[in-house]
Amino acid sequence: MSDKLKNKKVKLIGANHGISGSDWRVSTSSALESYGAEILPSYIKPYIYTPREARSYELNNIKNCDLVIGYIDPDIFTIGAIEELSCACLLKKPIFIVVAGGNSNIPFWLMGMLPHDCILDSFKLLNKTLIDVNTGKLSINPDNYWDIRDYDQDYYDAIYEATNQ
């Protein structure tokens, strides 16, 4: 084992409860901690007194992390998670996102924000991906992930068709 996740700071974003109402953060944190990763905590009341302080704390964790893992449920309005995800993209952080209901529920805009291999349709696939990252089989080097695409009508038409079937 290569221990690529050892001493990496990981920020978890998104709705607290995942598929079937289970708390995905507990199981994901446990797996990451077994690889030696550090989970950056979300804001803790009563130490945060205002919404501005909470937002600042969470975005600062995005700035300081090495990897972002999230859960997006299109049926749950999580504006904080969307801002954290946008911030992570702008900072070119490696990101893995699980989408509730699988890849057929990926919001259109999210498909334009992230490389498709960063969007996972289950926590089982996330766990396999984390094993591959930890062993070095899969890189989380953001230079290999991010590009700003030139406008390509065929590309966007293909995305539109894939999301509207």
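In the predicted model, Asn-7 lies in the segment that precedes strand S1, which spans 9-14. Asn-7 is exposed, with a relative accessible area of 61%. The backbone at Asn-7 has a positive phi of about 65°, although Asn-7 is not a glycine. Most residues other than glycine have a negative phi. A positive phi also occurs at Lys-92, again not a glycine, with a value of about 60°. Lys-92 is placed in the loop between H3 and strand S4 (95-99). With a relative accessibility of 47%, Lys-92 counts as partly exposed, because exposed residues are those over 50%.

The protein chain as a whole contains six helices and five strands. Read from the N terminus, its elements follow the order β-α-β-α-β-α-β-α-β-α-α. The chain has 165 residues, of which 41% count as buried. Among the contacts with a separation of 6 or more, 68% are between residues 24 or more positions apart. The chain exposes about 9,900 Å², and 53% of this area is supplied by carbon and sulfur atoms.

One pair of helices was examined in detail. Two packed helices are described by the angle between their axes and the distance between the axes. The axes of helix H2 (residues 51-64) and H3 come within 9 Å and cross at roughly 35°. The crossing of H2 past H3 is right-handed. On the H2 side, the contact is made by Arg-55, Glu-58, Leu-59 and Ile-62, and on the H3 side by Glu-83, Glu-84, Cys-87 and Ala-88.

Charged side chains were considered next. The structure holds four salt bridges. One of them joins Lys-11 to Glu-58, with the closest N and O atoms 2.4 Å apart. Lys-11 belongs to strand S1 and Glu-58 to helix H2, so this pair ties together parts that are 47 residues apart in sequence. Lys-11 has a relative accessibility of 0% and counts as buried. Glu-58, at 10% relative accessibility, counts as buried, because the limit for this class is under 20%.

Another salt bridge links Glu-83 with Arg-55, where the closest N and O atoms are 2.5 Å apart. Glu-83 lies in helix H3 and Arg-55 in helix H2, so the pair ties together parts that are 28 residues apart in sequence. Glu-83 counts as partly exposed at 29% relative accessibility. Arg-55 counts as partly exposed at 44%.

A salt bridge is also formed by the side chains of Lys-128 and Asp-132, at 2.9 Å from N to O. Both residues lie in helix H5 (residues 123-135), where they are four residues apart, about one turn of the helix. Lys-128 is partly exposed, with a relative accessible area of 43%, whereas Asp-132 counts as buried at 14% relative accessibility. Elsewhere, salt bridges that share partners join Lys-11, Glu-58 and Glu-84 into one network.

The nonpolar part of the surface includes a patch of about 360 Å², made by Phe-77, Ile-79 and Ile-82. Ile-79 is placed in helix H3, which covers residues 79-90. The relative accessible area of Ile-79 is 54%. Ile-79 therefore counts as exposed, the cut-off being over 50%.

Tyr-71 is found in strand S3, which covers residues 67-72. Tyr-71 has a relative accessibility of 3% and counts as buried. In sequence, Tyr-71 and Asp-121 are 50 residues apart; in space, the C-alpha to C-alpha distance between them is 9.9 Å.

Definitions and conventions
Residues numbered from 1 in each chain as written. Predicted model: local features only at pLDDT ≥ 70, side-chain atom pairs only at ≥ 80, totals over all residues. Heavy atoms only, no water. Patch = residues over 30% accessible without salt bridge, like charges linked within 9 Å, V, L, I, M, F, W, Y side chains within 5 Å. Areas by Shrake-Rupley, 256 points an atom, 1.4 Å probe, with all protein chains shown as cover. Helix = DSSP H or I, 4+ residues; strand = E, 2+ residues; numbered from the N terminus. Buried < 20%, exposed > 50% of the residue type's maximum accessible area, 1.4 Å probe, protein only. Axes fitted to C-alpha atoms, helices over the stretch in contact; angles between N-to-C directions. Left-handed = near helix turned anticlockwise from the far one by under 90°. Contact = heavy atoms within 4.5 Å.
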